[in-house]
Amino acid sequence: MPYAHVTGWGMSVPHKVMTNDDLSKIVDTNDKWIREHSGIHERHIASEGETSASLGAAAAFNALGMAGILPTDLDLIICSTSTPEHIFPATACLIQDKLGASNAGAFDLSAACTGFIFALNMAAQSIRTGSAKSILVIGTETLSRFVDWTDRNTCILFGDGAGAFVVQANEKPGGIMGAVMHSDGSGGEFLSIPAGGSAQPASEVTVNAGLHFIHMNGREVFRFATRVMVQATLEAAKKSHWETEEISLIIPHQANLRIIDAAARGLKFPLEKFMINLEKYGNTSTASIPIATVEAFNQKKLKAGDKVILVGFGAGLTWGSLALEWSGPLPSTHYIKADWFKPWARLRSFLLRILRIFEGFLSRNES
Ligand SMILES: CC(C)(COP(=O)(O)OP(=O)(O)OC[C@H]1O[C@@H](n2cnc3c(N)ncnc32)[C@H](O)[C@@H]1OP(=O)(O)O)[C@@H](O)C(=O)NCCC(=O)NCCS
């Protein structure tokens, strides 16, 4: 049975940075309160033209470049997002088109901030069963488009960004060793966007009531998060037959420094064992774990053979954890700058659209 190795990783965040001081000019808050209650100093906010698909595609190109494979080598694209571009088509399909990944099936996965762990686990399963060999897993969010910028309880927490992993089959032992996934829909109302789906379609009433924004019961989410982080971490380690002392790094969902601190105390681990970068990005939901992984690698906190736990929680409620034996880039057969593929992908998409118009014209003439 092949092992599922993470062979490429990449991230992309919008250029625009919003500091706590910037926020204090639009809502009744201040830098001191935000730092003390969340650990966040600033976040990146998407500008016009930056979307979940554009950020996701940029992160994906970086991950493909690192793995040294072409978009056309991909069999599958899984995009985890809670801020898709549309209800349908899937954001994964928009990214597939931007990449020119002509051989890949593509679908979205919705498990909020835990989504990247769920998606990685699905990718690993597809590789183990032999149904796919090269998979792109993306976590991408433009939460700023769904935040009520007059609600100080929520708008201080979130940011935009994307991260991506390439997961590939290899006979060498290692990679994704085990994962746990949990859900509890009875807590769904604690963190939600109430309207815009089939239960409450968009109407003047839903818009005026602010039901298309993120609604959150911060205290309940906090209590839930501190409870499940330790439990999920231990579960994934046990499933992978790892002793807790063997874990070299924990890469948690970057929601709140106090939540990570509580998890560290629960696990009796020093805080240094946790990758933390939420001060720069805020909570980027499903993108936070891959972004933190990329930065952990850049900061030389990851080396081949390290036993790493990814752990997250979020709306749903959902929570989960994944044990990853870090592979490092496996020797790739060829060096490719995936970015070079961008103009080709754009041309491919353009030609497909022209071809469709031409086919439509021909079929009208035939009927
Ligand atoms: C949201 C969160 C930071 C609030 O922190 P908290 O310590 O629980 O703060 P509280 O809600 O108890 O509010 C304490 C006080 O600060 C005030 N306050 C709330 N937000 C504020 C802000 N942005 N600036 C200044 N004051 C604020 C409250 O009004 C309250 O004032 P009061 O005591 O006079 O009523 C915290 O609950 C949290 O992080 N929850 C988890 C959220 C999360 O991670 N969500 C995403 C999950 S994926």
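Reply: Here are some questions about the terms used for this structure, each with its answer.

Me: What should I know before reading any numbers?

Reply: This is a predicted model, where local features need pLDDT of at least 70, side-chain atom pairs count only at pLDDT 80 or more, and totals for chains, interfaces and linings use all residues. Residues are numbered from 1 along each chain as its sequence is written.

Me: Why is helix α4 called largely enclosed?

Reply: A residue is buried if 20 or more other C-beta atoms lie within 10 Å of its own, exposed if 12 or fewer, and partly exposed in between, with C-beta atoms placed from the backbone. In α4 (residues 91-99), 9 of the 9 residues are buried, so the rest of the structure largely encloses this helix. Among them are Thr-91, Cys-93, Asp-97 and Lys-98. Helices (H or I, at least four residues) and strands (E, at least two) are DSSP runs, numbered from the N terminus.

Me: What do the buried residues of α4 pack against?

Reply: Two residues are in contact if their C-beta atoms, placed from the backbone, lie within 7 Å. The buried residues of α4 pack against α3 (52-67), β4 (76-80), β5 (105-109), β6 (134-142) and α12 (341-366). After α4 comes Gly-100, with a positive phi near 70°.

Me: Why are β1 and β5 said to stand at the edges?

Reply: Two strands pair if DSSP finds at least two bridges between them. The order β1-β7-β6-β4-β5 describes an open sheet of 5 strands with mixed pairing. Both β1 (3-12) and β5 have a single partner strand, so one side of each lacks a neighbour in the sheet. From one strand to the next, the twist averages 20°.

Me: How do you know that β1 and β7 pair?

Reply: There are 9 bridges between β1 and β7 (residues 160-170), in the antiparallel sense, and pairing asks for at least two. One example is Gly-8, whose bridge partner in β7 is Val-166.

Me: What makes β13 a mostly covered strand?

Reply: In β13 (residues 318-325), 7 of the 8 residues are buried, and the strand is mostly covered. β8 (residues 175-183) runs antiparallel to β13 and is joined to it by 8 bridges; His-182 stands opposite Trp-319 of β13. β12 (residues 307-314) is also antiparallel to β13, again with 8 bridges, and Phe-313 has Trp-319 as its bridge partner. The hairpin of β12 and β13 has 3 residues between the strands, and Gly-316 there has a positive phi near 145°.

Me: How is the angle between α8 and β13 defined, and what is its value?

Reply: Axes are lines fitted to C-alpha atoms, for helices over the stretch in contact, and angles run from 0 to 180 degrees between N-to-C directions.
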